[in-house]
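Please look over the fold below before reading on. The paragraphs that follow go from charged side chains to the sheet and its helices.

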Amino acid sequence: VMPSTQYFSLRITPSESKEIIISISKKVSKNATVRNGIRRRMRPIIRELSATFKKATYLFVVKPGAEALRGEVLRDQLAQLLKKS
C-alpha cells in the first residue's frame, strides 16, 4: 500500500540505511526553478519529521498542485502523509 494525499505519495522500501528521495516530475511544473523550490521547502520539514523513521528508502512523489503549498499547509500535508504510512 502506497500512502498518498492530494499532493504527495510515499513509497517505502526496506534498506540498510535511512534514505530520503524527493521526486518531482515535469507534470508538476515544466520550470526547474519551481520544482527546486518545492524540494527546498520540503527538505527541512521532512528532515524534522524523519527523526522517528526506521531504516528504509523513502520516496516522496510530488503531484501537480503542490507548488502552491507553503509553510504550515505544506507541513500538515507531509505530516498527514507520514501518519498514513
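Which side chain meets that of E72 in a salt bridge? The partner is R75, at 3.9 Å from N to O; a salt bridge here is a side-chain nitrogen of Lys or Arg within 4 Å of a carboxyl oxygen of Asp or Glu. The model is predicted, so local features need pLDDT of at least 70 and side-chain atom pairs count only at pLDDT 80 or more, while totals for chains, interfaces and linings use all residues. Residues are numbered from 1 along each chain as its sequence is written, and side-chain values use heavy atoms, with hydrogens and water left out.

R75 and E72 both sit in helix α2, 3 residues apart, or about one turn of the helix. Helices (H or I, at least four residues) and strands (E, at least two) are DSSP runs numbered from the N terminus. E72 counts as exposed because its relative accessibility is 53%, whereas R75, at 22%, is partly exposed. The cut-offs are under 20% relative accessible area for buried, over 50% for exposed, and in between for partly exposed (1.4 Å probe, protein chains only).

R75 also forms a salt bridge with E48, with the closest N and O atoms 3.0 Å apart. R75 is in helix α2 and E48 in helix α1, so this pair ties together parts that are 27 residues apart in sequence. Through shared partners, E48, E72 and R75 join into one network.

The sheet comes next. It is open, with 3 strands in the order β1-β3-β2 and mixed pairing; two strands pair if DSSP finds at least two bridges between them. β1 (8–14) and β2 (19–24) each have a single partner strand, so one side of each is left without a neighbour in the sheet. The twist averages 20° from one strand to the next. β1 pairs with β3 (residues 56–62) in the antiparallel sense over 7 bridges, and L10 stands opposite F60 in β3.

Both helices lie across strands of this sheet. Axes are lines fitted to C-alpha atoms, for helices over the stretch in contact (heavy atoms within 4.5 Å), and angles run from 0 to 180 degrees between N-to-C directions.

Finally, R35 lies in helix α1 (residues 32–49). R35 is buried yet has no salt bridge, and the nearest side chain of opposite charge, E67, is 10 Å away. Lys and Arg count as positive and Asp and Glu as negative; His and the chain ends are not counted.
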